[in-house]
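Here is a friendly note to read alongside the model. Keep the sequence and the 3D view open, and look up each place as it comes up.

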Amino acid sequence: MAIAKAERLMNLALCLLGARRPLTKRELRASIEAYVEAFGSGSASGPGDGSTGSEESFSRMFERDKDDLRELGLVIDTVDNLDGETGYVARRDSNRLPPIILDAAEATALGLAARVWQQARLAAAASGALQKLHAAGGMPPGALPEQGGERQLSTLEPHIPAREAAFEPLMLACRDRRPVAFDYRKSNAARSEKRQVEPWTLECWRGHWYLAGWDRERQAERVFRLSRITGPVRSRTGAFTAPVPDQVTVRETVERWAGEGATSTARVRLRAGAGYPLRSRALHTRELGDGWDELEIPYGHGLDAWLVEFGPDVVVLEPAELRADVIDRLRAVAQG
């Protein structure tokens, strides 16, 4: 949803909620600035005002806006007045949420969820929503204790980092169902390639963000790691050309692509005192001496990219294709 459209929908919603009586399309057209700028006030006093083409264009936009507001949950009533004109109103009693009362466990869970987004655009929204719940009395006393005007944060808290510059534009593109274009460098490539993608969703896995979507040039489902996106994310016009799968299917695709689905095992040498994430997944561990251990770990798609992150602390022993993939990736990194 573009910013201009969001502002127009907000103004239409406020106008319908604030009306004391049903308003006709003609009255709404004259009352909302975005409609006046685009189509005129609806009178015949100015160029283009009241023309048939202008009226038809406004009617189409108004019907789309009204349908969008209803999809967002706004209850809009349609009323015929004495003159036979159709009026619209969003009654406050039909659009008021019931009181929200949370118990201590629910409030604690909600508070932790709000603190997860310490970075990126969602941080302010999560904090603001929590403050509104406090002000409305929906949070039980002591759910989030305060001291000296500031909330006390526990020593251990969940965090979902979102440091990549591509995170926010991709999050908005996923929400608005807008195609995007960006430059992407694969882990075993020295240069970036241009990609045109229909973004489906963002998923965080092992502390890294991944974008799942439809690659238009390859005509296939693809997963992209955000840290490998170089340069800005650019929006593209037009609708999606491929159907969007359900969230569960997309999450499984990201996990499989990033290396969750293991089909066999691999043996690696790991420097003592290093690679604790690898050690936690090891099926067997054996000390080799001289500051090295041998690990047997699950081997699936994406393991080579993960092993490269440990640098000189990991040496792949077998299988040979995994060793070759890791070496190719390291050479690509060394070549810049």
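The points below go from the whole chain to single residues.

1. **Ground rules.** This is a predicted model, so local features are reported only at pLDDT of at least 70 and side-chain atom pairs only at pLDDT 80 or more, while totals for chains, interfaces and linings use all residues. Residues are numbered from 1 along each chain as its sequence is written, and side-chain values use heavy atoms, leaving out hydrogens and water.

2. **The overall picture.** Of its 336 residues, 38% are buried, where buried means under 20% relative accessible area, exposed over 50%, and partly exposed in between (1.4 Å probe, protein chains only). The exposed surface comes to about 19500 Å², with 52% of it from carbon and sulfur atoms; the areas come from the Shrake-Rupley method with a 1.4 Å probe, and for residues only the protein chains shown count as cover.

3. **Contacts along the chain.** Take the contacts (heavy atoms within 4.5 Å) with a separation of 6 or more: 56% of them link residues 24 or more positions apart.

4. **A five-stranded sheet.** In what order do the five strands of the open sheet lie? The order is β9-β8-β7-β6-β10, with antiparallel pairing; two strands pair if DSSP finds at least two bridges between them. At the edges are β9 (220–225) and β10 (229–235), each pairing on one side only. On average, neighbouring strands of this sheet are turned by 40 degrees against each other, direction ignored.

5. **Inside that sheet, and on it.** Strand β8 (residues 208–215) pairs with β9 over six bridges in the antiparallel sense, and Y210 stands opposite R225 in β9. Helix α7 (residues 167–176) packs on the sheet and touches β6 (180–184), β7 (193–205), β8 and β10. The directions of α7 and β7 make an angle of about 85 degrees; axes are lines fitted to C-alpha atoms, for helices over the stretch in contact, and angles run from 0 to 180 degrees between N-to-C directions.

6. **A hairpin.** Strands β2 (residues 77–80) and β3 (residues 86–89) pair in the antiparallel sense over four bridges, and D80 has T86 in β3 as its bridge partner. The two strands form a hairpin with five residues between them, and G84 in the turn has a positive phi of about 85 degrees.

7. **Backbone spots to check.** R177 is not a glycine, yet has a positive phi of about 55 degrees. You will find R177 in the loop between α7 and β6, partly exposed at a relative accessible area of 39%. D290, also not a glycine, has a positive phi of about 60 degrees. D290 sits in the loop between β12 (284–289) and β13 (292–300) and counts as exposed, at 79% relative accessibility.

8. **A cis peptide bond.** Which two residues does a cis peptide bond join? They are E318 and P319, with omega at about 5 degrees. P319 lies in the loop between β14 (314–318) and α11 (320–334).
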